[in-house]
Amino acid sequence: MLYAILAYHVEDEILSWTPEKDAAVVAKVIEVQAPLRASGHFGPAARLDETRKARTLRGPGAGVVLDGPFAETKEQLLGFHLVEYDTEEEAIAAARTLRQVNPSAVYEIRPVKLYVPADGFGATPSGE
């Protein structure tokens, strides 16, 4: 089963980090990803740019492009990991591993219903 591990954080806190602290956290995240990747359970991951740079497309027809998301929340979605495990418990364990290097982050673990891979990782069987 594929799971998305969605990483939320208070964006202002992340943006207040010095470039050195940011690079150190990213290096630690990459370090804890290595054994997950080597096990074949860890797929693509992405760190999203600032929410102020986001655009939202909504409305009928071609839609209207609006500045940014409009979530009423203190934490923003800042990135995600795609993992493949047999059980939810294993996916939660992977999120706990990621959290070790960024303990103030919040991780949402959500089953992936459909994934169309570009590189073959974790193709969702038809009918799920």
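In the predicted model, the side chains of R110 and E108 are joined by a salt bridge, with an N to O distance of 2.4 Å. Side chains of opposite charge can pair when their charged atoms come close.

The count of salt bridges in the model comes to five. Among them is the pairing of D49 with K53, in which the closest N and O atoms lie 3.4 Å apart. K53 has a relative accessible area of 41% and therefore counts as partly exposed. A further salt bridge brings together the side chains of R55 and D67, at 3.8 Å from N to O. This pair connects distant parts of the chain, since R55 belongs to strand β3 and D67 to strand β4 (residues 64-67), 12 residues apart. With a relative accessible area of 58%, D67 lies above the 50% threshold and is thus exposed.

The protein contains three helices and six strands, arranged along the sequence in the pattern β-α-α-β-β-β-β-α-β. Of its 128 residues, 33% are classed as buried. Helix α2 includes A24, a residue that is partly exposed at 36% relative accessibility. The C-alpha atom of A24 lies 9.7 Å from that of V101, although the two residues are 77 positions apart along the chain.

The largest pocket has a volume of about 530 Å³. Its lining comprises 28 residues, and those nearest the centre of the pocket are I14, V26, R47, L78 and N102. At least two lining residues come from each of β1 (2-9), α1 (11-16), α2 (19-38), β2 (42-47) and β5 (76-84). Helix α2 makes the greatest contribution to this lining, supplying seven residues. When the lining is divided by class, 17 residues are nonpolar, six are polar and five are charged.

L48 is located in the loop between β2 and β3 (55-58). The relative accessible area of L48 is 36%, so this residue is partly exposed and passes the 30% cut-off required of patch members.

Definitions and conventions:
Residues numbered from 1 in each chain as written. Predicted model: local features only at pLDDT ≥ 70, side-chain atom pairs only at ≥ 80, totals over all residues. Heavy atoms only, no water. 1 Å grid on protein atoms, 1.4 Å probe; cavity = no way out; pocket = protein on both sides within 12 Å on 5 of 7 lines; lining within 4 Å. Points joined across faces, edges and corners; volume = space filled by probe spheres on them. Helix = DSSP H or I, 4+ residues; strand = E, 2+ residues; numbered from the N terminus. Nonpolar A, V, L, I, M, F, W, Y, C, P; charged D, E, K, R; others polar. Buried < 20%, exposed > 50% of the residue type's maximum accessible area, 1.4 Å probe, protein only. Salt bridge = Lys/Arg side-chain N within 4 Å of Asp/Glu carboxyl O.
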